[in-house]
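Good morning, colleagues. Please have the sequence and the coordinates open while I speak.

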Amino acid sequence: MQKNILIIGACGQIGTELTFTLREKHGRDIVIASDIREGHDNLMDSGPFELLDATDYDALEEVVAYYEIDEVYLMAAMLSATAEKFPMRAWNLNMNSLFNVLNLAKEKKISKIFWPSSIAVFGPKTPKENTPQNTIMAPSTVYGISKQSGERWCEYYHNKFGVDVRSIRYPGLISWKTMPGGGTTDYAVEIYHKALAEKTYTCFLSEDTSLPMMFMDDAIRATLELMESDSGKIKVRSAYNVAAMSFTPSEVAQSIATQIPEFKMTYEPDSRQAIADSWPSSIDDSEARKDWGWKSVFNLEKTTQDMLKNLSK
Ligand SMILES: NC(=O)c1ccc[n+]([C@@H]2O[C@H](COP(=O)([O-])OP(=O)(O)OC[C@H]3O[C@@H](n4cnc5c(N)ncnc54)[C@H](O)[C@@H]3O)[C@@H](O)[C@H]2O)c1
């Protein structure tokens, strides 16, 4: 039997691409996109859409009943840089939207949930290189605190109520179809746009800040592979480490310069530097590889080629 899917926060950086991919796979009317605002025309024209506030339980329950939703992808959140400016709003959005979806599953109104965590769950005391799945976390940002709490609640709802919730600690995501939404790794998308338009970019992180990153195609594939795995294989019910590549701003600049030789980069670190400094440089994703066969495809060179090719069309 075909099961209907609801994407919450479908107009964002990840939600947009996830909606397109799931619609291609299952059919346009099986996948219901929703967000608190409308998205761009391509998304709005690609299938059913509902305006929905993820913090409103009654409205969410109504949409789930109306479309006979079975599976929910909760992509609505306030990201790291914005959350530092609006801590209480970030906490309310990031936690209440998660509780609403977890409680729908606890009440057996939906049967499966994807909720993304982040490398922001780690903090300044975490081992920076090859950060293990299980290690000291102690996040120091509003966003990281909400993601770590979210992980604990996902695991709790799984253990206590049998809720089938699955999660990935996404690194910084790089995509060309949509712009990022207020995170600390946004530079790694902006840089490609500016390199093509102006041949120059001023980076808000310092040149040697190494962070874990992933191309969007890998991130979407990781999400679907995790969701399609047999439940018994999913041993981690908080969130899995996944990795693809790690690089510094100066390394992206060099990789862009191989295709745009006149490209120039300057550096003006701002408040986002402190957030980046509290995060790992590289991630050990051996548990995801072992449990559900995760393997990345895109490295920096392939990412740069794909970004410049698609953005220059
Ligand atoms: N993009 C990244 O690099 C990255 C990295 C790690 C984790 N994540 C996580 O992945 C998820 C999606 O991230 P993204 O980059 O697509 O974010 P984004 O900011 O691009 O998109 C979030 C979407 O949620 C919507 N939204 C906000 N408040 C809402 C509400 N009350 N009800 C319904 N929708 C609402 C926004 O309108 C937006 O379209 C988030 O949980 C984020 O923390 C993202």
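A word on conventions. This is a predicted model, in which local features need pLDDT of at least 70 and side-chain atom pairs count only at pLDDT 80 or more, while totals for chains, interfaces and linings use all residues. Residues are numbered from 1 along each chain as its sequence is written.

I begin with the domains. The protein chain is assigned domain 1 (4-171 + 215-241) and domain 2 (173-213 + 245-285 + 298-311); such bounds come from an automatic or database domain assignment. Between the C-alpha centres of domain 1 and domain 2 the distance is 24 Å. Their contact draws 32 residues from domain 1 and 27 residues from domain 2, where two residues are in contact if their C-beta atoms, placed from the backbone, lie within 7 Å.

Which elements give two or more residues to the side of domain 1 that touches domain 2? They are α1 (13-26), α4 (80-85) and α8 (216-228). Helices (H or I, at least four residues) and strands (E, at least two) are DSSP runs, numbered from the N terminus. By class, the residues on this side of domain 1 are 13 nonpolar, 13 polar and six charged. Here Ala, Val, Leu, Ile, Met, Phe, Trp, Tyr, Cys and Pro count as nonpolar, Asp, Glu, Lys and Arg as charged, and the others, Gly among them, as polar.

Next, the ligand. It is surrounded by 29 residues, the closest being G9, G12, A76, A77 and G181; a residue is near a molecule if its C-beta atom, placed from the backbone, lies within 6 Å of it. Both domain 1 and domain 2 give residues to this shell, so the ligand lies between them. Two or more shell residues come from each of α1 and β9, and α1 provides the largest share, three residues. The shell divides into 15 nonpolar, 11 polar and three charged residues.

Strand β9 also belongs to an open sheet of three strands, ordered β9-β11-β13 with mixed pairing. Two strands pair if DSSP finds at least two bridges between them. Why is one side of β9 (172-174) and of β13 (245-247) left without a neighbour in the sheet? Both stand at the edges, each with a single partner strand, so one side of each has no neighbour there. β9 runs parallel to β11 (residues 211-215), joined by three bridges, and G172 has M213 in β11 as its bridge partner.

A residue is buried if 20 or more other C-beta atoms lie within 10 Å of its own, exposed if 12 or fewer, and partly exposed in between, with C-beta atoms placed from the backbone. β1 (residues 4-8) is parallel to β4, through five bridges, with I7 opposite Y73. β4 also pairs in the parallel sense with β5 (residues 112-114), over three bridges; there E71 stands opposite K112.

Finally, A239 sits in the loop between α8 and β12 (240-241). Is A239 buried or exposed? A239 counts as buried because it has 26 C-beta neighbours inside 10 Å. Leaving aside neighbours within four places in sequence, A239 is in contact with S117, E151, S167, I168 and R169.
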